[in-house]
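Please read these notes with the model open beside them.

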Amino acid sequence: MLNAVKKSNKYLLSVFFIYLIALVFFSLRNEVLYWSDLTPLEFIAKSTNLIPFATVITYIQAFFTQSMNLDIAVRNLVLPIVAFLPCGFLLYALSGAKRKLFHILLGSAALCLVLEVLQMLLRRGSFDVDDIILSVFGAFLGVLVFRLVSNITSGTLQKPEKARP
């Protein structure tokens, strides 16, 4: 039994490693070097958002007012959530009996923070605190998905009894 658990963890670690490579690749794949005529400090000043929910509100407003391409708004709101669903799922699965939601969300936030800083330093995107918030929310949803799947596969989710007349 212990060997099966170790094998399972090796498999999950391999999947997590592949996930991390894909996440880094897709986060940094943008070939556009933004504002290449700016100095690094000017670029950081122009491309950084440290105000929570500022861009989220902008995208939601744009969705209703149609003041920007809706593809951009939807992509920037949904993509961080979807990208970090596997992170929450896999970290929760790997943590075994020591599952602490706070630690999983903190690890997800740290990973996203590293990606945001890399995007900014390599000028492959901007640093946006909203991306971190949305990514942590995605990791949280990943944990919920894991728990739901776990409950379904272990049979602990019981079907409600039918009401008797």
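1. Cysteine 112 has a relative accessible area of 3%, so it is buried (buried means under 20% relative accessible area, exposed over 50%, partly exposed in between, with a 1.4 Å probe and protein chains only). The model is predicted: local features need pLDDT of at least 70, side-chain atom pairs count only at pLDDT 80 or more, and totals for chains, interfaces and linings use all residues. Residues are numbered from 1 along each chain as its sequence is written, and side-chain values use heavy atoms, with hydrogens and water left out.

2. How many disulfides does the structure hold? There are zero, a disulfide being a pair of cysteine sulfur atoms within 2.5 Å. For cysteine 112, the nearest cysteine sulfur belongs to cysteine 87 and is 9.2 Å away. Cysteine 87 is buried, at 1% relative accessible area.

3. A search of the whole structure gives five aromatic pairs. Rings of Phe, Tyr and Trp (its six-membered ring) pair if their centres lie within 6.5 Å; planes under 30 degrees apart count as stacked, over 60 as edge-to-face and the rest as tilted. Phenylalanine 25 and phenylalanine 26 are edge-to-face because their planes stand at 75°, with ring centres 5.1 Å apart. Both of these residues, phenylalanine 25 and phenylalanine 26, are exposed.

4. Phenylalanine 63 and phenylalanine 64 also form an edge-to-face pair, with 85° between the planes and 5.5 Å centre to centre. Phenylalanine 63 is partly exposed at 41% relative accessible area, while phenylalanine 64 is exposed at 65%.

5. Phe89, Tyr92 and Phe146 are linked into a cluster by ring pairs.
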